[in-house]
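The points are grouped by topic.

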Amino acid sequence: MDTRGFEFDTELEQAPISRAKLPDCCAVVIFGATGDLSKRKLVPALYNLALDGALPRRFAVLGVSRTVLPADGFRAELRASTERFSRTRPLDDKVWEAFARRIETCPGSLDDLASFERVRETLEKVDRDHGTCGNRLYYFATPPKHFAQTLGNLRDAGLLADPRAAERWTRVIIEKPFGRDLASARELNRIATDILDESQIYRIDHYLGKETVQNILVFRFGNAIFEQMWNRRSVDHVQITAAEEIGIERRGKFYDETGVMRDFVQNHLLQVLALCAMEQPVSFRADDIRDEKAKVLRSLRPIAESDVVSHVVRGQYQGYRSEDGVSPDSITPTFVAMKAFVDNWRWQGVPFYIRAGKSLHKRITEVSFHFHPVPFCLFGRDEVCQLLQPNVLTLRIQPDEGIFLRFNTKVPGDDLSVSAVRMDFNYARAFERPAQDAYERLLLDCMRGDATLFSRKDSVELAWSFVDPILETWERSASDIAGPLAVYEPGSQGPVEADRFIGVDGRRWDPIR
Ligand code: BG6
């Protein structure tokens, strides 16, 4: 037994069940290289991979954007932003210098074929200078309206490798939001699959790269005891919460056109729901897992216009309308609370309550399984038993990553008193090893050609078909049908309407604390 409170089988802990493949030599081309995503997430992730020695030995980054500086200036800019946003700080000078030498730039506009021809020439030079073998990872870190055109220009400039060719590969990472509704997602999928093979398309949802989200499958399918209670017979309801303390920061215009449902629910939270609710896959291979997730999304009970008011609450934080880039009469929701049902044998009748919002009390993402109360009262009067709190199993995705189980126990003493206590597994304490950032894992997986943690065409479309009728109702119908837009105070637990909404079912939200 070690001091961390767990007994590890050291041999098992040290010998991975399956080893991740080594990433291939390649050039990562970032379209939108001077944007926020590139500076806050992508370059810091690549630097941390360099620090861990995880990048391929023959590797380069090519930054493309209209305003990108020549390489030296861009490297200096990136050093400053990476110093701010890197998971590990201060930067290691030697590692940074070696990494920065592999960063090149090419100014260019996404709507201009000549720019792509320059990208091609620059990449040929990059291959010669850095030995990147003709393998290309194109990262679309641009606003979604450019995705289709960028794909077309890549094709027309001869920048895509034949998917059947063994000697070199092309992979494209497409950022979210993938479309803004079902029709546009379908259209983008159509364009993408006309130009590329599905095996070359990596639709990124960074939630799937989080260790704790990946652990949902290991926890469920690596522990036989939980399987027996993972269904409607034991589970009363499930709560999925993604609360953020931050507001919309400098993304007013983007957010006002997007809103919480497109920004968070359609992708991150429905993917988490699918992992929690899916059946056991045939194997851990990408498509076997993705098949099971798709079945869950297909089983989501549609919320028709007439159900929106009873199944969904939308909210907006006070002061949102005066944020930069936001319309003064905006009705874009920054908060949503909703009830979904997975219509299959396992989950029939079990509500999945989903809640997400900006400017709330604290940053917390978690899924909690609330079990049925005890069926028979042993301890005297019924009222006593009603005070017993049902068991709750919480998968804490972030922060304080871990898993908690709430159960009742006798309070020491002559009297019989019962109290709820918490059994606690905490990642950081148990493993004493920092978790990789989601972007690190996903970039590396794409360089390895492993699409397990990326969203497949069908699941993106299925998720849109679920949220589309709600969005349409909000955007087109009067508030007696769509429900009012509830206002909440920044830093609060969300609008009181959300408490009433779950209260009608005789349940309460887990506090955000
Ligand atoms: C992004 C959303 O996808 O996820 C942002 O666009 C949100 O609005 C972010 O803040 C949250 O990510 P994380 O990893 O901090 O939970």
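The notes below cover a sheet, a pocket, the cavities, a helix and some backbone features.

The model is predicted. Two cavities of 30 Å³ or more are found in a search of the whole structure.

- Five bridges connect E12 and E13, which pair in the antiparallel sense.
- Across from Phe-404 in E13 stands Thr-394.

- The volume of the second largest pocket is about 1200 Å³.
- Its lining comprises 39 residues, and those nearest the centre are His-370, Gln-389, Val-392, Arg-406 and Asp-510.
- At least two lining residues come from each of strand E7 (235-243), strand E11 (364-371), helix H13 (382-387), strand E12 (392-398), strand E13 (402-410) and strand E14 (418-426).

**The largest cavity**

- The largest cavity holds about 110 Å³ of space.
- Of the 14 residues that line the largest cavity, Phe-178, Gln-266, Asn-267, Ser-455 and Val-460 lie nearest its centre.
- H10 and helix H16 (457-476) are the elements that give two or more residues to this lining.
- By class, five nonpolar, five polar and four charged residues line the largest cavity.

- About 60 Å³ of space lies in the second largest cavity.
- Its lining consists of Thr-212, Asn-215, Ile-216, Leu-395, Arg-396, Gly-402, Ile-403 and Tyr-427.
- H8, E12 and E13 each supply at least two of the lining residues, and H8 gives the most, with three.
- Four nonpolar, three polar and one charged residues make up the lining of the second largest cavity.
- Helix H8 (residues 211-221) is largely enclosed by the rest of the structure, because eight of its 11 residues are buried.
- The buried residues of H8 are Thr-212, Val-213, Gln-214, Asn-215, Ile-216, Leu-217, Phe-219 and Arg-220.

**Cis peptide bonds**

- The bond from Arg-89 to Pro-90 is cis, with omega near -5°. Pro-90 is placed in the loop between helix H3 (71-85) and helix H4 (93-100).
- Lys-176 and Pro-177 are also joined by a cis peptide bond, with omega about -5°. The loop between strand E5 (170-174) and helix H7 (182-195) contains Pro-177.

- Cys-133 is a residue other than glycine, yet its phi is positive, near 60°. Cys-133 lies in the loop between helix H5 (113-130) and strand E4 (136-140), and counts as partly exposed at 29% relative accessibility.
- Glu-249, also not a glycine, has a positive phi of about 50°. Glu-249 belongs to the loop between E7 and H10; with a relative accessible area of 47%, Glu-249 is partly exposed.

**Arg-40 and its surroundings**

- Arg-40 is located in helix H2 (residues 36-51) and is partly exposed, at 27% relative accessibility.
- Leaving out residues up to four places away in sequence, Arg-40 touches Phe-85, Glu-249 and Arg-250.
- The C-alpha atoms of Arg-40 and Thr-82 are 7.1 Å apart in space, while the two residues are 42 residues apart in sequence.

How values were computed: Residues are numbered from 1 along each chain as its sequence is written. This is a predicted model: local features need pLDDT of at least 70, side-chain atom pairs count only at pLDDT 80 or more; totals for chains, interfaces and linings use all residues. Side-chain values use heavy atoms; hydrogens and water are left out. On a 1 Å grid over the protein atoms alone, a cavity is a set of points where a 1.4 Å probe fits but cannot get out, and a pocket is an open set with protein on both sides within 12 Å along at least five of seven lines; lining residues have an atom within 4 Å of a point. Grid points are joined across faces, edges and corners, and a volume is the space filled by probe spheres set on the points. Helices (H or I, at least four residues) and strands (E, at least two) are DSSP runs, numbered from the N terminus. Two strands pair if DSSP finds at least two bridges between them. Buried means under 20% relative accessible area, exposed over 50%, partly exposed in between (1.4 Å probe, protein chains only). Contact means heavy atoms within 4.5 Å. Ala, Val, Leu, Ile, Met, Phe, Trp, Tyr, Cys and Pro count as nonpolar, Asp, Glu, Lys and Arg as charged, and the others, Gly among them, as polar.
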